[in-house]
Amino acid sequence: MSKVTNTNVEGNVVVIATEGYLNKDLGEEIQKIAQEHIDGGNKIFLINLKSSNIVNSIGASILIELIEQLQDIDGHLVFCDLAPIIEKTFKIMGLTKYCTVYPSQEEAITALA
Amino acid sequence: MSKTPTVELKLPVLKNMELVATQTSEVVSKHIGLSDDKSAEISMALIEACINAFEHSETKLEIYIHFMISDDELTIKVIDKGKGFDASKIKIPEIDNKINTSERKRGWGIMLIKELMDSVDFESNDKGTTLTMVKKKEKNE
């Protein structure tokens with residue numbers, strides 16, 4: 001139903017792409033993959049939610065934990081390709097105070113380079 | 001007096017069953033003529049309402065969802081037979097208080113529902129909770 005579909009490193013940015021419902025399970029999968037890369041020395045993460053058009057607050061709360069973890073290592077979490085309702089939800093929750101949102105992966109990578 | 005057309009769902013307390021409710025809300029929203037943005041907001045609010053009913057009510061029974069259709073608004077009731085709660089004791093979450101503190105990261109559901117819907121009301125006691133939320137149709141929709 002929902003999963004991480006692709007993880008790759010572009011320059012110094014770890015790009016994690018997802019598919020489906022961003023719920024607790026998918027949030028934990030993102031966090032697990034991010035942790036592996038944090039352990040490998042990466043600090044900048046881009047989550048591409050192009051193929052995830054629905055979220056719940058539990059999944060989003062796990063991303064708050066990731067934001068917090070990245071702050072501790074002077075890292076950064078950004079998003080791209082958000083469905084309008086996901087962007088609105090992140091705004092209501094305040095995630096966008098801590099994470100930049102880009103319209104596309106290409107624009108995010110260019111800005112982060 | 002005509003009866004309000006109502007779609008009724010009964011959901012078991014199982015993983016991801018809230019998505020069944022969102023599929024129904026999408027069809028009902030389209031029937032009323034609500035915009036795609038409003039339909040998505042209703043789905044998001046409904047997800048949070050279902051999760052609250054599943055988790056916080058601690059009910060092992062089903063939850064019930066009524067979609068009450070009128071020309072100019074959609075009223076949704078999410079009903080559980082759980083332990084109830086005191087709405088006055090709910091803290092409004094603030095992300096600045098959650099980042100780099102020991103405060104739990106969760107607890108966003110009611111705030112999201114209130115932000116996404118036009119009106120929200122709770123009736124709760126030790127026999128259960130009924131959450132009623134309304135989305136109004138704009139005149140130009």
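Let's start with β4 and β5 of chain A, which run parallel and are joined by two bridges. If you want a spot to look at, find A:Phe79, whose bridge partner in β5(A) is A:Val101. Please keep in mind throughout that this is a predicted model.

On to the other neighbour of that strand. β3 of chain A, residues 44-51, also runs parallel to β4(A), and here five bridges join the two. Along that pairing, A:Ile44 stands opposite A:His76.

Now, how enclosed is strand β4 of chain A? Four of its five residues, in the stretch 76-80, are buried, so the rest of the structure largely encloses this strand.

Zooming out, these strands belong to an open sheet of five, in the order β1-β2-β3-β4-β5 of chain A, and its pairing is mixed. At the edges sit β1 (3-10) and β5 (101-102) of chain A, each pairing on one side only.

A:Asp74 lies in the loop that links α2 (57-72) to β4 of chain A. Its phi is near 65°, a positive value in a residue other than glycine. Most residues other than glycine have a negative phi. Is A:Asp74 buried or exposed? A:Asp74 has 7 other C-beta atoms within 10 Å, so it is exposed.

You'll find B:Asn16 in the loop between β1 and α1 (18-32) of chain B. With 15 C-beta neighbours inside 10 Å, B:Asn16 counts as partly exposed.

So what is chain B built from? There are four helices and five strands in chain B. Reading from the N terminus, the elements of chain B go β-α-α-β-β-α-α-β-β. The radius of gyration of chain B is 16 Å, close to the 14 Å that the globule rule gives for 141 residues, so chain B is as compact as a globular protein of that length. Its C-alpha trace spans about 50 × 35 × 25 Å along the principal axes. Of the 141 residues in chain B, 33% are buried. And if you take the contacts in chain B with a separation of 6 or more, residues 24 or more positions apart account for 65% of them.

The five strands of chain B form an open sheet with the order β1-β2-β3-β5-β4 and antiparallel pairing. Its edge strands are β1 (6-11) and β4 (119-125) of chain B, each of which pairs on one side only. On average, neighbouring strands of this sheet are turned by 15° against each other, direction ignored. One pairing to look at is β4(B) with β5(B), residues 128-136: seven bridges join these antiparallel strands. Within that pairing, B:Asp121 has B:Thr132 as its bridge partner in β5(B).

Next, find helix α2(B). This helix lies across β1, β2 (63-69), β3 (73-80) and β5 of chain B, running at about 15° to β3(B).

Which residues does B:Ala49 touch? Leaving aside residues up to four places away in sequence, B:Ala49 touches B:Val78, B:Ile113, B:Leu131 and B:Met133. In soluble globular proteins, nonpolar side chains tend to be buried together.

Finally, let's see where the chains meet. In all, 20 residues of chain B are in contact with 22 residues of chain A. On the chain B side, the elements giving two or more residues are α2 (36-55), α3 (95-98) and α4 (109-116). Here α2(B) gives the most, with eight residues. By class, that side of chain B has nine nonpolar, four polar and seven charged residues.

With 24 other C-beta atoms within 10 Å, A:Met93 is buried. Not counting residues up to four places away in sequence, A:Met93 touches A:Ala60, B:Ile95 and B:Trp108.

Terms used: Residues numbered from 1 in each chain as written. Chains lettered and ligands numbered in written order. Predicted model: local features only at pLDDT ≥ 70, side-chain atom pairs only at ≥ 80, totals over all residues. Contact = placed C-beta atoms within 7 Å. Nonpolar A, V, L, I, M, F, W, Y, C, P; charged D, E, K, R; others polar. Rg over C-alpha atoms; globule rule 2.2 N^0.38 Å. Buried ≥ 20, exposed ≤ 12 C-beta atoms within 10 Å, placed from the backbone. Pairing = 2+ DSSP bridges. Axes fitted to C-alpha atoms, helices over the stretch in contact; angles between N-to-C directions.
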